[in-house]
Amino acid sequence: MESINAKYVSQKISKTRWRPVSHSFLQQPDIFASGSWDNEHNKISFWSIGSHGSSAMEDGFEGEPQLLCEQKHDGDVLDLQFLDQDRIVTASSTGAVTVFRHHQNSQTISIAQHWARAHHYPCDNAPCTGVVCSSPEIVTVGEDGRIIVFRADQEGVVRVIENADSSTIHAVTYLRTTEILTVNSIGQLKLWDFRQQSNSPSQILSLSGDRVPLHCVDRHPNQQHIVATGGQDGMLCVWDVRQGNTPFSLMEAHSAEMWEVHFHPTNPDHLFTCSEDGSLLHWETSSHSEMPSFLQGGRNSSMMSRSAMAPAGGNQSLISAWLSGDCSKGRLETSHMLPSQTLSVNSLDVLQQCLVCGTDGEAIFVNRQVPV
């Protein structure tokens with residue numbers, strides 16, 4: 001726990017995101033952005049954990065995050081995604097979608113593009129609940145059930161799917177370059193193929209039984225058919241979108257709403273979840289060992305409560321550990337990443353060995369030695 005630094009920021013933090021790093025260098029992330037919510041004046045802020053402007057990297061990984069710059073944000077920041085190294089996109093409770101530019105030389109922030117009331121009801125604003133970016137494309141979803149496609153370099157809207165959902169869409173992610181996946185408030189995942197002109201999803205998957213709202217979704221970075229979701233009941237669900245229309249496995253994760261789930265972008269045997277219950281969990285599959293790693297002690301074990309068999313004739317070495325049909329191999333190591341439970345952990349992001357999370361306790365936690 002020595003590697004965790006806490007920064008108290010006098011505002012409730014709704015979202016935290018690392019700035020992307022260049023793949024050509026084995027560089028650790030050193031800048032992240034945060035967004036706030038439920039404050040008198042909300043903000044987006046950029047923070048440094050490095051020795052900014054200094055070449056001594058060893059010295060840069062000491063101490064708490066330092067504020068570089070901040071900008072007022074109209075409404076709650078309901079989502080936050082980097083478009084590239086300099087631009088970040090926010091989803092607002094006012095229904096607006098905004099592209100902010102971070103000027104690193106002057107440490108200032110300006111508005112590069114703004115779509116007011118992108119999401120709306122006939123007589124009122126509708127919160128924009130989620131955004132995903134593949135530069136220059138931006139896709140947003142909202143409480144109004146709309147899916148909107150923008151381009152960062154165009155003022156107009158590229159495409160709107162008006163009645164994509166009759167319920168609130170809570171989150172969105174890319175499945176492939178031309179496909180997105182949305183999750184909604186009645187426990188459904190919907191796949192959308194932008195190559196089709198149809199305004200109907202190409203596939204619908206759902207939780208059987210109670211229609212538990214799903215709040216978050218993330219796609220396995222290497223195997224696009226594997227998706228993880230979390231929702232109101234705190235369960236972690238793993239789905240194989242090629243097989244059937246229900247989750248492949250369900251795991252008891254948190255005692256309250258799960259707000260975010262993220263596979264590690266380069267080591268997807270590791271996954272991270274955070275919750276209203278004040279916890280942040282690190283999940284690790286025991287895929288590379290016949291002896292499940294949870295038997296090594298020191299951590300909690302969490303067993304899949306339901307699991308389907310591996311695809312017939314499938315090459316076992318190519319089947320992700322997240323979809324292992326064998327219960328003995330389907331166990332996971334879970335560990336708590338925060339020193340003590342706090343108020344709701346609303347957001348997390350992980351890149352290389354660095355993890356950042358934001359809480360309702362007006363604190364940002366940074367861990368620079370994530371064991372991945």
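Tutor: Leaving aside residues up to four places away in sequence, asparagine 245 touches Gln203, Ile204, Leu205, Ser206 and Trp239, where contact means heavy atoms within 4.5 Å. This is a predicted model, in which local features need pLDDT of at least 70 and side-chain atom pairs count only at pLDDT 80 or more, while totals for chains, interfaces and linings use all residues. Residues are numbered from 1 along each chain as its sequence is written, and side-chain values use heavy atoms, with hydrogens and water left out.

Student: How far apart are asparagine 245 and leucine 205 in sequence and in space?

Tutor: Asparagine 245 and leucine 205 are separated by 40 residues in sequence, yet their C-alpha atoms lie 4.3 Å apart in space. Asparagine 245 belongs to the loop between strand 20 (235-240) and strand 21 (249-252), strands being DSSP runs of E with at least two residues and helices runs of H or I with at least four, numbered from the N terminus.

Student: Why is asparagine 245 called partly exposed?

Tutor: Its relative accessible area is 42%, and buried means under 20%, exposed over 50% and partly exposed in between, with a 1.4 Å probe and protein chains only. Asparagine 245 is therefore partly exposed at 42%.

Student: What makes the phi of aspartate 38 worth a remark?

Tutor: The phi of aspartate 38 is near 60°, a positive value in a residue other than glycine. Aspartate 38 sits in the loop between strand 3 (31-36) and strand 4 (42-48), and because its relative accessibility is 43%, aspartate 38 counts as partly exposed.

Student: Where is arginine 117 placed, and why is arginine 117 called partly exposed?

Tutor: Arginine 117 lies in the loop between strand 9 (108-115) and strand 10, and its relative accessible area is 39%, so arginine 117 is partly exposed. Arginine 117 has a positive phi of about 50°, although it is not a glycine.

Student: Which omega value goes with the peptide bond from serine 135 to proline 136?

Tutor: The bond from serine 135 to proline 136 has omega near 5° and is cis; proline 136 is found in the loop between strand 10 (128-134) and strand 11 (137-142).

Student: What makes a space inside the protein a cavity, and which residues line the largest cavity?

Tutor: On a 1 Å grid over the protein atoms alone, a cavity is a set of points where a 1.4 Å probe fits but cannot get out, and lining residues have an atom within 4 Å of a point. The lining of the largest cavity consists of Arg159, Ile161, Trp192, Asp193, Phe194, Gln196, Ser198 and Ser200, and strand 13 (157-161) and strand 16 (188-193) are the elements that give two or more residues to this lining.

Student: How do you know how confident the predictor is?

Tutor: The pLDDT gives the predictor's confidence in each residue, from 0 to 100; the protein averages 86, and 84% of the residues score at least 70. Over residues 53-61, however, the pLDDT is below 50, and this stretch has eight contacts in the model beyond near neighbours in sequence.

How values were computed:
On a 1 Å grid over the protein atoms alone, a cavity is a set of points where a 1.4 Å probe fits but cannot get out, and a pocket is an open set with protein on both sides within 12 Å along at least five of seven lines; lining residues have an atom within 4 Å of a point.
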